[in-house]
Amino acid sequence: MITVHHLNNSRSQRVLWLLEELGVAYEVKRYERDRVTMLAPPSLKAVHPLGKSPVVTDDGATLAESGAILEELVERHGGGRLAPPAGSEERRRYRYWLHYAEGSAMPPLLLQLVFDKIESGPLPFFVKPIARGISRKVKSTFIGPQLKTHLDFMEAALGKSTWFAGEDFSAADIQMSFPVEAARARAGLDASRPKLMAYLARIHARPAYQRALERGGPYAFSGD
Ligand SMILES: N[C@@H](CCC(=O)N[C@@H](CS)C(=O)NCC(=O)O)C(=O)O
């Protein structure tokens with residue numbers, strides 16, 4: 001039996017969605033973020049030393065890192081579904097987006113979250129104006145332009161084909177959902193980028209996406 005170690009409001013939602021798309025049986029072990037720090041509970045470190053989610057246990061193997069988990073589960077249980085044929089141009093694009101989501105798209109989104117927290121968080125009164133000034137500067141000179149470049153890039157990709165890897169829906173679209181949802185929630189993705197907005201509407205309408213929400217519990221990023 002596959003076990004998904006699922007943290008609320010997190011990247012592991014993608015693993016539940018993939019397994020629903022594949023129609024594979026699995027169990028969910030839920031973990032709750034600390035309400036103040038938003039970190040995972042220490043019990044997740046008993047499953048994997050980094051204590052991050054997702055982690056999956058499958059047939060004696062412990063799998064971590066969402067892109068690697070998706071790739072592995074598609075190989076083990078996909079039977080040719082959700083991945084373009086080996087050697088095709090689509091397969092090359094599929095691999096690219098599987099890595100791009102965490103390797104390139106998420107870092108500026110995470111920086112945005114951290115600097116937003118610095119600006120809005122409690123600070124001693126004498127530090128506040130300095131911290132906020134630095135944060136606004138970093139956001140306007142570095143993070144904002146980086147986010148714009150990435151959003152333009154993703155929008156252009158969906159102008160070339162219906163899905164990220166080509167005309168067929170694949171696990172790369174599942175992997176890309178989190179950065180696009182995070183960009184919608186906190187990085188200004190809006191109707192000015194219609195391809196990305198249409199992609200969000202299409203993925204959220206998929207029955208397997210909806211079933212994964214039922215299995216995983218509340219997920220703050222599922223609005224269009
Ligand atoms: N690149 C990793 C990132 C894993 C990660 O940072 N997961 C977050 C959830 S979205 C987490 O576990 N955060 C809680 C913590 O760091 O304690 C992946 O894609 O699996």
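Visitor: What makes helix 5 count as mostly covered?

Guide: In this predicted model, where local features need pLDDT of at least 70, side-chain atom pairs count only at pLDDT 80 or more, and totals for chains, interfaces and linings use all residues, 13 of the 16 residues of helix 5 are buried, buried being under 20% relative accessible area, exposed over 50% and partly exposed in between, with a 1.4 Å probe and protein chains only. Residues are numbered from 1 along each chain as its sequence is written, and side-chain values use heavy atoms, with hydrogens and water left out. Helices (H or I, at least four residues) and strands (E, at least two) are DSSP runs, numbered from the N terminus.

Visitor: Where in helix 5 does a kink lie?

Guide: A kink of about 35° lies at Ser-177, shortly before Pro-179, the bend being the angle between axes fitted to the seven residues ending at a residue and the seven starting there.

Visitor: Why is Asp-59 called exposed?

Guide: Asp-59, in the loop between strand 3 and strand 4 (61-64), has a relative accessible area of 70% and is therefore exposed; its phi is near 50°, a positive value in a residue other than glycine.

Visitor: Why does Met-38 count as partly exposed?

Guide: Met-38, in the loop between strand 2 and strand 3, has 36% relative accessibility and therefore counts as partly exposed; Met-38 also has a positive phi, of about 70°.
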